[in-house]
Amino acid sequence: MDTISSFLIQSWTFYALAVAVIFARLTFRRIMLKSFADLQADDWIMVFLLLPLTASTILAVPAANFGTEKQRRYRYVLEELQIVIAWLVKVCLLILYWRIFPVASSILRRRYIQVVSAICALSFIITQISLLSWCQPTHLDDSQCSTYHSHTIVSLTFSTLTTVIVLILPISFIPTPRRLLLAILLVTGVLTLIFGILARYFVLTEPTSRAYLFYYTYETTLLIVFANLPFLTSLVVSTTPARIRKFSRNISFSRDGVHMPLSPWPRSRRVSVQDIGSPPLRASRLGSTATVTSGGTERKDWSVSVPITRPGSVGSGTELLRRPDSGRGWPLP
C-alpha cells in the first residue's frame, strides 16, 4: 500500500473518531441540559468545528502533492484550516475553564485564564499574519509556498506555547476528583504537544515529504479528544449501572478532609469544591428548613436532626429533617 492510500485510510479513520467524540459530548450535554437550545458557547464552537475538520480531511490528500498552482492552493487552505481547528479547540477549552473555576475561590486561576486568553488571541493574529504575508499560492516561484519555512517557525513557536498553557498547565487545578481523568488528560496533552512539534519539524526539514500530514491528523484528533474527554467520562459515569457507580464513589478521594464523590463534570462555577461536604449553616436553628445557598445555588441534600418542641406537647423531641431532593453530585452549568 502506498503512502497516499495509507494516509487516506488513516485520515478518515481519525476523522470518524473525532466526530464520534463530538457527538458523544453533545449527547451528554443534551441529557444534562434537557434541550439542545440550552447548549453553551463551547458546545456550539465544537459543533462549528465539524466544518473545518471535514474540509481539512477532504483536502489533505489533494494537498499531499504541490507541483501545480491548484495543489499549492489546497496546501495553503489546509494550513489555514489546521490553524483554525487548533485555535477553535483552545477557545473552547478557555470558555470551559472560565465556567468551572469559582470566582470566590479561584481568583488567581481566573486571572490566569484571562492572561492566557489574551496570549492565544495575539498568537492567532500573528500566525495568521505570517501565513498571509509569506505565502502567495498563486505565484509558482514563491519558495515560501513550497517550504512554509518562515511561517512554520512562527507556527511552531506559538502552537507549542499555547498548547502548554492551555492544555497542560491547567490540568493541575481542574476541579474534579477523578485522578484517572487527570492522568489521561495529562498524557493526551503531552502527546498533542509532541505530535504538533513533529509535524512542523517535518515541514521544516522535509518540505516535499508527506510525513507532516500524518502528524497533523494526530494533533487535530488529540486536540478534539482532549477538549471532550471530561464530558465523555461524565457520560460513562451517568450511564453505568448503580452498582458500578457505588463502587466508583467508594474509590473517590478526599481533598482537605472533604469526601468528594464521583459526580458529573464539569460542574458549575457557582459552587466551589468547599461547598461539598460542608454542613448547613442554618441547620441548627429551631424550625429551620436547612436550606443552604452558595452563590445563588440551593443545596438540598442534607439530613439533620434538630430538637423540635410542638405546641401543646410536653418536653421536646428530636426529628430528622430531610430535604426532599437529596441528589448527589455537582450541578452542571
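**Ground rules**

I number residues from 1 along each chain as its sequence is written. Because the model is predicted, I ask for pLDDT of at least 70 for local features and 80 or more for side-chain atom pairs, while totals for chains, interfaces and linings use all residues, and side-chain values rest on heavy atoms, with hydrogens and water left out.

**Confidence**

I started with pLDDT, the predictor's confidence in each residue, from 0 to 100. The chain has a mean pLDDT of 74, and 66% of its residues reach 70 or more.

**Salt bridges**

How many salt bridges does the structure hold? I found six, where a salt bridge is a side-chain nitrogen of Lys or Arg within 4 Å of a carboxyl oxygen of Asp or Glu. I followed three of them through the helices, which are DSSP runs (H or I, at least four residues) numbered from the N terminus.

Asp42 pairs with Arg25 at 3.0 Å, N to O. Asp42 sits in helix α2 (residues 41–48) and Arg25 in helix α1 (residues 3–33), so this bridge ties together parts 17 residues apart in sequence.

Asp43 pairs with Arg29, their closest N and O atoms being 3.0 Å apart. Here Asp43 of helix α2 is linked to Arg29 of helix α1, 14 residues apart.

Asp42 has another partner to note: its side chain meets that of Arg99 in a salt bridge of 3.0 Å, N to O. That pair joins helix α2 to helix α4 (residues 69–100), 57 residues apart.

I also noted that Arg25, Arg29, Asp42, Asp43 and Arg99 are linked in a network of salt bridges.

Asp42 and Arg25 are both buried, with Asp42 at 0%. Asp43 is buried at 0%, and Arg29 is buried at 0% as well. Arg99 is buried too, at 9%.

**Cysteines**

I looked for disulfides, meaning a pair of cysteine sulfur atoms within 2.5 Å, and the count is zero. Cys92 is buried at 3% relative accessible area, and Cys120 is buried at 4%.

**Thr221**

Thr221 belongs to helix α9 (residues 211–239). Its relative accessible area is 5%, so Thr221 counts as buried. What does Thr221 contact, leaving aside its neighbours within four places in sequence? I get Phe14 and Leu17.

**Nonpolar patch**

Leu186, Val187, Val190, Leu191 and Ile194 make a nonpolar surface patch of about 370 Å². For patches I take residues with over 30% relative accessible area and no salt bridge, joining like charges within 9 Å and nonpolar side chains (Val, Leu, Ile, Met, Phe, Trp, Tyr) within 5 Å. The areas come from the Shrake-Rupley method with a 1.4 Å probe, and for residues only the protein chains shown count as cover. I checked one member: Val190 lies in helix α8 (residues 179–205), and its 34% relative accessibility makes it partly exposed.

Conventions. Helices (H or I, at least four residues) and strands (E, at least two) are DSSP runs, numbered from the N terminus. Buried means under 20% relative accessible area, exposed over 50%, partly exposed in between (1.4 Å probe, protein chains only). Contact means heavy atoms within 4.5 Å.
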